[in-house]
Amino acid sequence: MGVTLTSHQIGVRLLEGWEGEIYRRKAQDDMQTFPILHMANFPLPAIRGDFGSGVVELMKEKNVFISLFEYGPESLDKKLFQRRGIPTGLSIGDFSPVRLHRIIKGQLGYQSFFQESMRAFCLYIVLGGKLASNKTIEDINAILSSISISQLGN
């Protein structure tokens, strides 16, 4: 089995062959920052954007990149974040090129905004190609199901 990452009251169990990192960007100009979780089934470059710039350009057909990006507590009241709980049980039909932040030929994306434990998040997933297997989707769902998010301050 893979490793467990835990930081900023977020935890995830990575599968064998996956890597990930939970971190916070350095605050600039009194702007508060929140945790970001990046995971991939290929080596993550050291320098990458919140939603995968610098990563998605390197992806091959069977690669997967996942970003879990936290927004501030003011987002909890927004309609965009009304869904409760991290999405699980995804299927290949949930992915589309029009869901990508930046369209790269052959890639498919998924994006969902939700709240968990009084925290607001965006889940963003990129598949390297249209030929993602059922095993790939099973792996994504296993990882998503393993994510734990605790309320801040607890």
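**Sheet and salt bridges**

Strand S5, residues 64-71, and strand S7, residues 119-127, pair in the antiparallel sense over eight bridges. Strands here are DSSP runs of E with at least two residues, helices are runs of H or I with at least four, both numbered from the N terminus, and two strands pair if DSSP finds at least two bridges between them. Within this pairing, Tyr71 has Ala120 in S7 as its bridge partner.

A word on the source: this is a predicted model, where local features need pLDDT of at least 70 and side-chain atom pairs count only at pLDDT 80 or more, while totals for chains, interfaces and linings use all residues. Residues are numbered from 1 along each chain as its sequence is written, and side-chain values use heavy atoms, with hydrogens and water left out.

The sheet itself is open and antiparallel, with five strands in the order S3-S4-S5-S7-S6. At its edges are S3 (19-24) and S6 (108-116), each pairing on one side only.

Now the salt bridges, meaning a side-chain nitrogen of Lys or Arg within 4 Å of a carboxyl oxygen of Asp or Glu. There are five in the structure. One of them joins Arg119 and Glu70 at 2.6 Å, N to O. This pair links S7 to S5 across 49 residues. Are these two side chains buried or exposed? Arg119 is buried at 2% relative accessibility, and Glu70 is buried at 3%; buried means under 20% relative accessible area, exposed over 50%, partly exposed in between, with a 1.4 Å probe and protein chains only.

Another joins Arg25 and Asp50, also in a salt bridge, at 2.6 Å. Arg25 is in the S3-S4 loop and Asp50 in the S4-S5 loop, so the pair ties together parts 25 residues apart in sequence. Arg25 is partly exposed at 34%, as is Asp50 at 22%.
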